[in-house]
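Have the model open beside you and try each task before reading on.

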Amino acid sequence: TDTEPAAAVREIADSIATMEIRGAATIASAAAEALAVQARAAAGGGETASDPSAFRTSIRSAARTLRETRPTAVSLPNALRYVLQRMEGDSVDALRRSVVDASEAFVRQLDRAQEDLGRVGANRLTDGDTVMTHCHSTDALACIEAAVEQGKSISAVVKETRPRQQGHITAEQLRDAGVPVTLIVDSAARRYLDEVDHVLVGADSIAADGGVINKIGTSGLAVNARERGVPIMTAAQTIKLHPETLTGHTVEIEMRDESEVIDQEAREAVGEIAVENPAFDVTPPRYMDAIVTEQGQFPPESIVTLMRELFGEGAVEPWEE
Ligand code: RUB
């Protein structure tokens with residue numbers, strides 16, 4: 001039917017679902033770009049070209065397909081909201097232009113926000129500091145990279161991050177930035193906390209109460225860091241703020257396939273047991289020292305003020321008809 005998203009959009013959605021495209025910021029820019037792909041396809045010929053209403057329907061349908069890929073990172077629906085709220089015009093041509101422009105503006109803003117946030121986070125780091133990381137966060141890496149650019153010498157203890165081992169990506173990127181890296185298994189984190197000056201993580205969503213939703217294991221790391229007296233910060237652009245939590249909604253934690261945890265042979269050997277694989281957890285605000293955004297750093301308890309300012313109207317869902 002004419003509301004089926006373009007094949008190229010389906011491909012992007014599949015890449016997000018299979019985690020070829022992953023990490024909250026990267027997912028957000030891929031989703032915004034996918035809407036531009038859909039806009040060009042829908043305006044490119046066939047019956048939809050002459051019909052503004054069919055054009056809008058096809059963009060909303062593409063947005064729904066993208067929305068359904070992964071549930072936890074709010075940057076994804078926030079990216080779709082940003083573009084859809086700027087879709088306007090009386091002709092297909094004007095509509096297409098508005099979607100493509102909004103998509104490009106979103107990606108530009110995202111890149112700028114990450115740079116600005118990096119400088120804020122870097123100010124918290126001192127020459128000679130060692131930072132412990134969890135998972136792979138482009139926002140968190142921006143802080144370390146900015147500190148290095150400021151001439152500070154920083155080293156890193158990188159948690160491998162089971163089951164998908166995104167820590168390997170972090171290790172590689174830090175090495176490329178000239179940061180000495182020590183890779184450890186997740187369960188060694190507490191032992192190494194005595195040797196680090198900061199814990200630095202990213203976020204997939206930030207709730208109105210200041211709760212930080214990030215890769216599974218973040219909350220345990222935060223509790224251990226507090227116990228060891230090591231400050232922990234989350235680097236999160238404001239597109240990670242979850243508007244629906246303003247009205248009491250909770251953030252859905254993605255449950256992924258057991259095959260990420262246990263291979264088929266081990267699964268057969270172990271037999272009738274349950275295997276669970278939650279991808280994210282919630283760190284309560286009292287265990288987080290600071291949320292670093294492109295608008296400055298905030299104690300988690302005060303993030304709600306910024307959230308009201310940016311998403312005061314609550315969570316609109318412009319992809320619904
Ligand atoms: C990635 C993850 C990252 C955040 C922030 O999880 O938890 O810490 O998404 O990343 P997954 P960024 O690998 O399951 O997508 O700062 O790049 O937005």
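**Exercise 1.** Find which residues of α2 meet which residues of α3, and work out how the two helices are arranged.

*Solution.* Start with the contact (heavy atoms within 4.5 Å). From α2 come Ala31, Ala34, Leu35, Gln38, Ala39, Ala42 and Ala43, and they meet Phe55, Ser58, Ile59, Ala62, Ala63 and Leu66 of α3. These residues split into 11 nonpolar, two polar and no charged, where Ala, Val, Leu, Ile, Met, Phe, Trp, Tyr, Cys and Pro count as nonpolar, Asp, Glu, Lys and Arg as charged, and the others, Gly among them, as polar.

Before going on, note that this is a predicted model: local features need pLDDT of at least 70, side-chain atom pairs count only at pLDDT 80 or more, and totals for chains, interfaces and linings use all residues. Residues are numbered from 1 along each chain as its sequence is written, and side-chain values use heavy atoms, with hydrogens and water left out.

Next, the geometry: the angle between α2 and α3 is about 150 degrees and their axes are 10 Å apart (lines fitted to C-alpha atoms, for helices over the stretch in contact, with angles from 0 to 180 degrees between N-to-C directions). α2 is therefore roughly antiparallel to α3 (over 145 degrees).

**Exercise 2.** Now describe how α2 packs with α5.

*Solution.* Here the angle is about 165 degrees, with the axes 9 Å apart, so α2 is roughly antiparallel to α5 as well. On the α2 side, the contact includes Glu33 and Arg40; on the α5 side, Arg96 and Glu104 are among the residues. Sorted by type, the contact has 13 nonpolar, three polar and four charged residues.

**Exercise 3.** Is helix α4 largely enclosed or exposed, and why?

*Solution.* Count the buried residues (under 20% relative accessible area, 1.4 Å probe, protein chains only). In α4 (residues 75-84), 10 of the 10 residues are buried, so the helix is largely enclosed by the rest of the structure. Among them are Asn78, Arg81 and Tyr82. Their packing partners are α2 (24-43), α3 (52-67), α5 (92-123) and α11 (303-311).

**Exercise 4.** Give the strand order of the open sheet of three strands, and say which helix packs on that sheet.

*Solution.* The order is β5-β6-β8, with antiparallel pairing (strands pair if DSSP finds at least two bridges between them). β5 (205-206) and β8 (280-283) are the edge strands, each pairing on one side only. β6 (residues 212-215) joins β8 over four bridges, and asparagine 214 has aspartate 281 in β8 as its bridge partner. Finally, α9 (residues 218-228) packs on the sheet and touches β6 and β8, its direction making about 35 degrees with that of β8. Helices (H or I, at least four residues) and strands (E, at least two) are DSSP runs, numbered from the N terminus.

Technical notes
Buried means under 20% relative accessible area, exposed over 50%, partly exposed in between (1.4 Å probe, protein chains only). Angles under 35 degrees count as roughly parallel, over 145 as roughly antiparallel, 65 to 115 as roughly perpendicular and the rest as oblique.
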